[in-house]
Amino acid sequence: MTFPVTFPAKILILGSGELGKELTISLQRLGCHVIACDSYAGAPAMQVATESRVLDMTDSAGLERLIAETAPDLVVPEVEKLAVAALVAAADRGTRVIPSARVVELTFDRQGIRTLAAEHAKVPTSRYAFADSLESLRAAASEVGFPCFVKPTMSSSGHGQSRVADASELEAAWNEAQAGARAETGRVIVEEQIDFDFEITLLTVRHLDTTGTVETSFCAPIGHRQVSGDYVESWQPQQMTPELLAKAQATSKAVLDALAQETMRAAGGCGSGMESSAGSANADATNPMLGIFGVEMFIKGDEVYFSELSPRPHDTGMVTMITQPQSEFDLHARAILGLPLDTSMYPHVPAGASTPLKSPVESEDPRYSNVDAALSVGSDVQVRIFGKPVAHVGRRMAVALATGADTNSARARGKAAIEKLQIS
């Protein structure tokens, strides 16, 4: 696929949750033909896509057949739980995977991305170690120190994650990690607990400038609060000094540049490629590493620590639907299609916040009430109900978006709105 793209482009999205739904809408506004795929019928993105497919995306042969049958211009993974080998095989046959099959492989496995960040990009991270058995977990935790976190190397939204206070909790943490993994790797990562001042998601976009060279741009930093590894609110902008922000941007760019170089190496390139005016590595003009990346970092004092990276729109970035003219979904769509973009916030919006609704019930036919009360919190408040056909306890089902004179007021409005929304 070359740039600029000829429209309508055919896009296969692997994963059709709330993030996939918003991305589908952004792509369709640009005239794209979107095929939404997920493991169950009626997923949110399927409700707005041009076509849909139900598929076990961990089935490598089935996923390869789907890609061959649909012949998409782009394959865009939106979930971790999929057969990466099928993406690699498709890429080998000339299908473009966003941002690349190798990037998906590295970032969906914490071992790959943490090793790349610490050893190749050489950015600060928490102490870490990997383990492939309970016995090696005990040794890894002893090396990292207590308290620490034990996580599956392949998971998301806190699934399988445990905070371990001492050695007596390691066996339970190992079992939790095996049960909560998105895919079986047989490994866990043990991470040092950093008593950070705050944590951020820095949405970082690799896109083409007017000369066709890869450029790296940043959204305003997003602050967020997590419980058990899953976000419970986010806000933009997170207040931080210009010096810290510059350090966070440099950290994010260093990791993405290393990722781009690894992509070129895996593809048989020289590992350097063209250089942009900013000095970042660039892949060849027909297959550059493009898109939005959710880069999570811890801030402690004047230090910035890299934590995790998602090669796609980020759940905490849903706040951009109310704070930016081009949301994270618009930015991802424009970047992967080689189109101009703008990462700035609305000039009239000082701050915004997002607060998700997690289901308190199990329901095969979820119903929502008090939507009017939630929207009555203020004219600047929005409620997005995702349309998931089944509710499970703790499953994210909707989000409230709010603006305010500052982040505290925006967060208060978002929280007030979501507390009024009821699900049964």
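In this predicted model, helix H6 is followed by glycine 145, a residue whose phi is positive, near 105°. The helix itself spans residues 134-144, and its buried residues are Leu137, Ala140, Ala141 and Val144. These four residues cover an arc of only 100° around the axis, which puts them on the same side of H6. The face of H6 turned away from this buried side carries Glu135, Ser142 and Glu143, which are exposed.

The largest nonpolar core contains 28 residues, of which Ile11, Leu27, Val76, Met318 and Leu337 touch the most other members. At least two residues of this core are supplied by each of several elements, among them strand S1 (10-14), helix H1 (18-29), strand S2 (33-38) and strand S4 (74-77), as well as helix H9 (320-323), helix H10 (328-336) and strand S19 (396-404). In terms of domains, the core draws at least three residues from each of domain 1 (1-97) and domain 3 (351-423). For leucine 27, when its neighbours within four places in sequence are left aside, the contacts comprise Ile11, Ile13, Cys32, Val34, Ala333, Ile336 and Leu337. A second, separate core is made up of 27 residues and includes Ile113, Ile200, Val295 and Val304.

Side chains of opposite charge can pair when their charged atoms come close. In the present model, the count of salt bridges comes to 21. One of these joins the side chains of glutamate 22 and arginine 384, with an N to O distance of 3.5 Å. This pair links distant parts of the chain, since glutamate 22 belongs to helix H1 and arginine 384 to strand S18 (residues 382-385), 362 residues apart. Glutamate 22 counts as buried at 16% relative accessibility, because the cut-off for burial is under 20%, whereas arginine 384, at 24%, counts as partly exposed.

A further salt bridge is formed by arginine 93 and glutamate 64, whose closest N and O atoms are 3.3 Å apart. Arginine 93 lies in the loop between helix H3 (84-92) and strand S5 (96-97), and glutamate 64 in helix H2 (residues 60-70), so that the pair ties together parts 29 residues apart in sequence. Glutamate 64 has a relative accessibility of 25% and counts as partly exposed.

Glutamate 191 and arginine 114 likewise form a salt bridge, in which the closest N and O atoms are 2.9 Å apart. Because glutamate 191 lies in strand S9 and arginine 114 in helix H5, this pair ties together parts that are 77 residues apart in sequence. Glutamate 191 is buried, with a relative accessible area of 4%, and arginine 114 also counts as buried, at 2% relative accessibility. Beyond these pairs, a network of salt bridges links Glu18, Asp230, Asp315, Lys358, Lys388 and Arg396.

Lysine 122 is found in the loop between helix H5 (110-121) and strand S6, and is exposed, with a relative accessible area of 63%. A polar atom of the lysine 122 side chain lies 3.1 Å from the backbone oxygen of glutamate 119. Although lysine 122 and threonine 251 are 129 residues apart in sequence, their C-alpha atoms are 9.1 Å apart in space.

Key
Residues numbered from 1 in each chain as written. Predicted model: local features only at pLDDT ≥ 70, side-chain atom pairs only at ≥ 80, totals over all residues. Heavy atoms only, no water. Buried < 20%, exposed > 50% of the residue type's maximum accessible area, 1.4 Å probe, protein only. Arc of directions from axis to C-beta. Core = buried A, V, L, I, M, F, W, Y, C linked by side-chain atoms within 4.5 Å. Domains from an automatic or database assignment. Contact = heavy atoms within 4.5 Å. Polar contact = N/O pair within 3.5 Å; in protein donor to acceptor, adjacent residues only side chain to side chain. Salt bridge = Lys/Arg side-chain N within 4 Å of Asp/Glu carboxyl O.
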